[in-house]
Amino acid sequence: MVIGPNARAEQLYPGTEGVLVWVEHLVKHFSSSPGGSRDPSTIHAVDDVSFDVREGEAFGVVGESGSGKSTTARCLLRLIEPTSGDIFFEGVDVRALGAEKLRLLRARMQIVFQDPFASLNPRMRVSSIIEEPLQVHGMKSRNDRMQRVRELIDLVGLEPEHLDRYPSEFSGGQRQRIGIARALALNPRFVVLDEPVSALDVSMQAQVLNLLQDLQERLGLTYLFIAHDIALIRHVCTRLAVMYLGRVVELADRDGLFSHPLHPYTWALLSAVPIPNPAEERARPRVILGGDPPSPFNVPSGCRFHPRCPVGGKKEICATVDPQLREVVPRHWVACHFPRL
C-alpha cells in the first residue's frame, strides 16, 4: 500500500519533505504470567508512540532501560509483531506486507544489534557471516558475493585476513564492525542502531561512533539510533525522542532539547551527565528522582512519570489525566501538564 504525503510529518514540521520512516500510534503489549500465576498479565512495552525519521538524518531514541526503545525498533522492522499502529517505510505500509514482500523490503532496512558477542554466529567464519545476506537475497555468483564481502570488510576498517577467522578471535569493537558490515551488505537506506556501543569500552565506543558517522556521510544512510546515554547520543543525532515507560515524553531538535529541555524526566537525564569543568558541575542543580521506575505490568494512572516527578507528584491532574504530546514551542513537543518553560 502506497500513501500520499505524511500528515504527521507536515504536522510536526510544516513544509518538510523527505520523510523516510514514520510510525503512528504504535502499541506493543505482551501477555505474561509472572510468578507462575495462571492469570495472564499485560506488559505495556510500547503505548501510542509516534515519530518520523527524515531521509539522511540520525534520529535518536533515548531513555533508561525498560522504556520501550528496543521494542519500538523491533516492531518497526517487524522482527516482532506490533499489537496495533501504523508503520510506513518509503510510503509502504510495512504492517500490510506478506512474508515474501517483507523479506524483500528488509534488504532496505537493516539493524545492528546491541551485543556483538551474541549477534554473530560463533560457528561461522566472518566471510560466511557477511556473505549470508547476499545468498538469502539472491546473489548467485560466488565470485560476486566474495568481492562484495571484501569491499565491506575494507569499508568497516578490517583486514582481508580477518575473513577466515571466527568471531571469538576478535575484540568487542571488531565484532561490532563485523555486525555493521553484515547490516550494510545489501545497500540499505535505513539502519536501526540498537545501542551499538553500550557493550564496548570507552575507547572502542569512540571508534565505532566515528565509523558510523563516516559511513552515514559516505553512503547517505538514515539512522534510528537507540541509546540510554543521552550524552553519547548528542554527538550523533540531529533530532531526539525521549521515552519513558513506553511513551515518548519529549521530541525536539538536538539543540533545542539540550539547551532547553521541557520535561522533568529529560531534565533529570541531562543533570546526570558529568561536566568536565568542576565549577560548572557545582553550579548546575542535580535532579534526583525518587523511587524506582514503575512496573510495565502496572502502569500508573494519569502521567506515567508523576510518581517520580518533583512537580507532578503533588498535582491532582498529573495523577488522573494522561498528558498528550503537544507542541509547546516551535518544533519542540512534550507530554507534560507543567513543562519547564
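Trainee: What makes up the lining of the largest pocket, by class?
Mentor: It has 10 nonpolar, 2 polar and 4 charged residues. Ala, Val, Leu, Ile, Met, Phe, Trp, Tyr, Cys and Pro count as nonpolar, Asp, Glu, Lys and Arg as charged, and the others, Gly among them, as polar. This is a predicted model: local features need pLDDT of at least 70, side-chain atom pairs pLDDT 80 or more, while totals for chains, interfaces and linings use all residues. Residues are numbered from 1 along each chain as its sequence is written, and side-chain values use heavy atoms, without hydrogens and water.

Trainee: Why is this called a pocket?
Mentor: On a 1 Å grid over the protein atoms alone, a pocket is an open set of points with protein on both sides within 12 Å along at least five of seven lines. The largest pocket holds about 400 Å³, a volume filled by probe spheres (1.4 Å) set on the points. Lining residues have an atom within 4 Å of a point. There are 16, and Q110, I111, P133, H137 and R182 are the closest to the centre.

Trainee: Which helix gives the largest share of that lining?
Mentor: α4, with 4 residues. Helices are DSSP runs (H or I, at least four residues); strands are E runs of at least two.

Trainee: What makes β11 and β12 a pair?
Mentor: Pairing takes at least two DSSP bridges. β11 and β12 share 3, so they qualify, and they run antiparallel.

Trainee: Which are the edge strands of the 8-stranded open sheet?
Mentor: The order is β6-β7-β8-β3-β9-β10-β12-β11. β6 and β11 each pair on one side only, so they are the edges.
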